[in-house]
Amino acid sequence: MAPRLPDLAKRSLKTALDDFGHVMERVHTHALKQRMSPDEFRATVAGLGFSSMREFCDRTGLPESTIESWLRFGLSHDAAQLLSAMMGYRNRVKEAIEAADSVTNAGIADFFEERRLP
C-alpha cells in the first residue's frame with residue numbers, strides 16, 4: 001500500500017537534519033543519474049544466464065510488476081549497479097567453476113545447473 005501524504009509528512013518532520021543530505025542523494029541518484037536502458041537490462045538478464053524475463057522473475061523472486069517497470073523505464077542507477085555487480089560475480093564464479101572442472105572433472109557446472117543456480 002502506498003504511504004498516505006499525511007503519514008509521509010509526519011515521517012519527514014521526524015527525519016533528522018543529518019539525514020537531509022542522504023535523502024537528497026537518494027533523490028538525485030534515482031531521478032537524475034544515468035539509468036540502465038530496457039535493452040541493457042534485457043542483455044544483462046541474458047548475460048546472467050536467464051533464458052527469459054519470466055525465468056528471471058521466478059528464480060530471483062522479484063515481482064513481475066518490478067520487471068515490467070524496468071522493461072518500460074529502465075533501471076535506476078543503484079539497481080543497475082547491483083545487477084552489474086551480480087554479472088561480475090557470476091562471471092567470476094563461472095571462471096572458477098570452469099577452472100575447477102578442468103582439473104578435477106567433478107562436474108561442478110552440472111551440479112550448479114541441477115540446482116538451478118545461475
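A residue counts as buried when its relative accessible area is under 20%. Phe50 has a relative accessible area of 8% and is therefore buried. The model is predicted, and the same cut-off is applied to the residues described below.

Phe50 pairs with Phe56. The two ring centres are 5.1 Å apart and the planes stand at 75 degrees, so the pair is edge-to-face. Phe56 is also buried, at 1% relative accessible area. In total, 3 aromatic pairs are counted. Another of them joins Phe41 and Trp70. This pair is edge-to-face, with 5.5 Å from centre to centre and 85 degrees between the planes. It links distant parts of the chain. Phe41 lies in helix α3 and Trp70 in helix α5, 29 residues apart. Phe41 has 0% relative accessibility and counts as buried. Trp70 is buried as well, with a value of 17%. Ring pairs draw Phe41, Phe50, Phe56 and Trp70 into a cluster.

Contacts of Ile67 were listed without residues up to four places away in sequence. On that basis, Ile67 touches Phe41, Met53, Phe56, Cys57 and Leu62. In soluble globular proteins, nonpolar side chains tend to be buried together.

Nonpolar side chains also occur on the surface. Phe20, Val23, Met24 and Val27 form a nonpolar patch there. Together they have about 370 Å² of accessible area. Met24 belongs to helix α2 (residues 17-31). Its relative accessible area is 41%, which makes Met24 partly exposed.

Charged side chains form 4 salt bridges. Asp39 is bridged to Arg42, with the closest N and O atoms 3.1 Å apart. Both residues lie in helix α3. They are 3 residues apart, about one turn of the helix. Asp39 is exposed, at 58% relative accessible area. Arg42 is partly exposed, at 38%.

Glu55 and Arg59 form one of them, and their closest N and O atoms are 2.5 Å apart. The two residues are 4 apart in helix α4, so about one helical turn separates them. Glu55 counts as buried at 17% relative accessibility. Arg59, at 24%, counts as partly exposed. Shared partners in salt bridges join Arg54, Asp58 and Glu64 into one network. Within helix α4, the side chains of Asp58 and Arg54 meet at 3.9 Å, N to O. Asp58 and Arg54 are 4 residues apart, and about one helical turn lies between them. Arg54 is partly exposed, with 44% relative accessibility.

Conventions
Residues are numbered from 1 along each chain as its sequence is written. This is a predicted model: local features need pLDDT of at least 70, side-chain atom pairs count only at pLDDT 80 or more; totals for chains, interfaces and linings use all residues. Side-chain values use heavy atoms; hydrogens and water are left out. Contact means heavy atoms within 4.5 Å. Patches are made of residues with over 30% relative accessible area and no salt bridge: like charges are joined within 9 Å, nonpolar side chains (Val, Leu, Ile, Met, Phe, Trp, Tyr) within 5 Å. Accessible areas come from the Shrake-Rupley method with a 1.4 Å probe; for residues, only the protein chains shown count as cover. Buried means under 20% relative accessible area, exposed over 50%, partly exposed in between (1.4 Å probe, protein chains only). Rings of Phe, Tyr and Trp (its six-membered ring) pair if their centres lie within 6.5 Å; planes under 30 degrees apart count as stacked, over 60 as edge-to-face and the rest as tilted.
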